[in-house]
Amino acid sequence: MTKKGFIFDLDGVIVDTAKYHFLAWQNLANSLGISFTEEQNEQLKGVSRVRSLEKILEWGNKTISEEEFTRLMTDKNEEYLKYISKMDDSEILPDVVRVLDTIIKKDQMIALGSASKNARVILDKVALRDKFHAIVDGTNVTKAKPDPEVFLIGAKELNIAPEHCIVFEDSVAGIQAANAANMISIGIGEAKILHEADYVFKDFTEMNDDFLNNLLTNQNA
């Protein structure tokens, strides 16, 4: 059996830190007299911190100095870090540990492929870091998804050919990145949104061990 590489995105796949980004951006927007909705927050997913703040200012029709812009970005990140500093293993999404342990028991390789620069901190907080053979995060990549860079680096770190890697993602850009890397793409979320994925599950509770075993024996994966 060919050894496979399983590459997981972090936010929305292993844990849900999007709620903390929303709270931090909402507080920042409100401090400027700008209302900020969950629908607008959806538009910031996968977007850089700089571009996110630019979009919020555009929505509020506000102009600020470069100095204040820099200060607000720092403030937002510090508030977000305060939220994640309180995380623990209760914030791991359902059945993630079962899936990781099943892969480990089969003697397969696991990597993280995330844009977050806080990925290692979060994995430590939820006590999952030791389950990963490689961690590729925002400190290792220069190109954002849908560019496949993060997943190709992950495959290289695992020493597994891209065509033998399987990616778990919750975003359209992430699925496109996995497909561009010539990897099996598995969407975690809504099928109507993640329809470009090879497979889609609402969450890991829908993914049984038979499916995982089939991925291991499928020579196309």
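Select Phe204 first: this residue is buried, with a relative accessible area of 2% (buried means under 20% relative accessible area, exposed over 50%, partly exposed in between, with a 1.4 Å probe and protein chains only). The model is predicted, so local features need pLDDT of at least 70 and side-chain atom pairs count only at pLDDT 80 or more, while totals for chains, interfaces and linings use all residues. Residues are numbered from 1 along each chain as its sequence is written, and side-chain values use heavy atoms, with hydrogens and water left out.

Phe6, Phe8, Phe168 and Phe204 make up one aromatic cluster.

Rings of Phe, Tyr and Trp (its six-membered ring) pair if their centres lie within 6.5 Å; planes under 30 degrees apart count as stacked, over 60 as edge-to-face and the rest as tilted. The count by this rule is nine aromatic pairs.

Now select Tyr20 and Tyr83. Their ring centres are 5.5 Å apart and their planes lie at 15°, so the pair is stacked. Tyr20 sits in helix H1 (residues 18-31) and Tyr83 in helix H4 (residues 66-84), 63 residues apart. Helices here are DSSP runs (H or I, at least four residues), as are strands (E, at least two), numbered from the N terminus. Tyr20 is buried, at 12% relative accessible area, whereas Tyr83 is partly exposed, at 22%.

Return to Phe168 and Phe204: this aromatic pair is tilted, with 5.7 Å from centre to centre and 50° between the planes. Phe168 belongs to strand S4 (residues 165-169), and Phe204 to the loop between strand S6 (199-201) and helix H9 (209-217), 36 residues apart.
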